[in-house]
Amino acid sequence: MTGSWRHLVFAAVGIKPGLADKAAYSFCVLEHLHRVLRRRDVYARGGDRWGDPRAKLLSGDR
């Protein structure tokens, strides 16, 4: 967790030291997922349409 999210998640008002704010953490994860989806860096394992195209490349002895 980097940037401004660290402060929002771990130093939120009313949160005990050492604990994380669940809502802020959820939004942090959603923002990161949105960012990698736009860059197409997330793939569905075993998916034909949404799978990793590099996984079907030949490797090794083939």
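**Exercise 1.** Is Arg 35 buried, partly exposed or exposed?

*Solution.* Before starting, note that this is a predicted model: local features need pLDDT of at least 70, side-chain atom pairs count only at pLDDT 80 or more, and totals for chains, interfaces and linings use all residues. Residues are numbered from 1 along each chain as its sequence is written, and side-chain values use heavy atoms, with hydrogens and water left out.

Step 1: recall the classes, where buried means under 20% relative accessible area, exposed over 50%, and partly exposed in between (1.4 Å probe, protein chains only).
Step 2: Arg 35 has 40% relative accessibility, so Arg 35 counts as partly exposed.

**Exercise 2.** Which side chain meets Arg 35 in a salt bridge?

*Solution.* Step 1: a salt bridge needs a side-chain nitrogen of Lys or Arg within 4 Å of a carboxyl oxygen of Asp or Glu.
Step 2: the partner is Glu 31, at 3.3 Å from N to O.
Step 3: both residues lie in helix 2 (residues 22-38), four residues apart, about one turn of the helix. Helices here are DSSP runs (H or I, at least four residues), numbered from the N terminus.
Step 4: Glu 31 has a relative accessible area of 37%, so Glu 31 is partly exposed.

**Exercise 3.** With which side chain does the side chain of Trp 5 make a polar contact?

*Solution.* Step 1: find Trp 5 in helix 1 (residues 4-10).
Step 2: at 19% relative accessibility, Trp 5 counts as buried.
Step 3: beyond its neighbours within four places in sequence, Trp 5 is in contact (heavy atoms within 4.5 Å) with Ala 24, Phe 27, Cys 28 and Glu 31.
Step 4: the polar contact, at 2.9 Å, is with the side chain of Glu 31.
A polar contact is a pair of N or O atoms within 3.5 Å; within protein, one must be able to donate a hydrogen and the other to accept it, and residues adjacent in sequence count only if both atoms are side-chain atoms.

Technical notes: Helices (H or I, at least four residues) and strands (E, at least two) are DSSP runs, numbered from the N terminus.
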